[in-house]
Amino acid sequence: MKEYQSLSHARWDCKYRVVFIPKRRKKQVFGELRKHLDEVFHELASHKESQIVEGHLMSDHIHMCISIPPKYAVSNVVGYLKGKSAITIARKFGGRNRNFTGESFWARGYFVSTVGLDEAMVRAYIRNQEQEDERYDEMKLGV
């Protein structure tokens, strides 16, 4: 039986697949930044009572399955993750000091879809996406 989470007047299981990219899809998420972002996203999600169920940091995009309580709008949580992580990146890796708004790291939009009953399939896709992309690139080169 599926485990549902509770709020004072609701039982819920709201999971979303979210993808967003750095500006101009530059391949900027690697090395020390990649390790740092993992911790940052988990901490920021907990600030909004959300939980990153599955996630993968590719060099040119972020792909995650996130559980968000129904009292928060998805756009609110994703905006919070992108905004606060951009500020953290600017402060730690960009040499910027306090009060920096971090407006220059993530692109404006994002992709979101509900997970529903396909959660296991979505989580497996996120987990194995890097290998699938490499396999696809090899197939393209072989043509």
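1. Start with Trp-106: its relative accessible area is 7%, so this residue is buried (buried is under 20% relative accessible area, exposed over 50%, partly exposed in between, with a 1.4 Å probe and protein chains only). Bear in mind that this is a predicted model, where local features need pLDDT of at least 70, side-chain atom pairs count only at pLDDT 80 or more, and totals for chains, interfaces and linings use all residues. Residues are numbered from 1 along each chain as its sequence is written, and side-chain values use heavy atoms, without hydrogens and water.

2. Ring pairs join Trp-106 with Phe-20, Phe-41 and Phe-105 in a cluster. Rings of Phe, Tyr and Trp (its six-membered ring) pair if their centres lie within 6.5 Å; planes under 30 degrees apart are stacked, over 60 edge-to-face, and the rest tilted. That rule gives four aromatic pairs.

3. Take Phe-20 and Trp-106: ring centres 5.0 Å apart and planes at 90°, so we call this pair edge-to-face. Phe-20 sits in strand 3 (residues 15-20) and Trp-106 in the loop between helix 2 (74-93) and strand 6 (111-114), so the pair ties together parts 86 residues apart in sequence. (Helices, H or I with at least four residues, and strands, E with at least two, are DSSP runs numbered from the N terminus.) Phe-20 is buried too, at 1% relative accessibility.

4. Phe-41 and Trp-106 have ring centres 6.2 Å apart and planes at 40°, so theirs is a tilted pair. Here the link runs from Phe-41 in helix 1 to that loop residue, Trp-106, 65 residues apart. Both Phe-41 and Trp-106 are buried.

5. Helix 1 (residues 31-47) also holds Glu-32, which is partly exposed at 49% relative accessibility.
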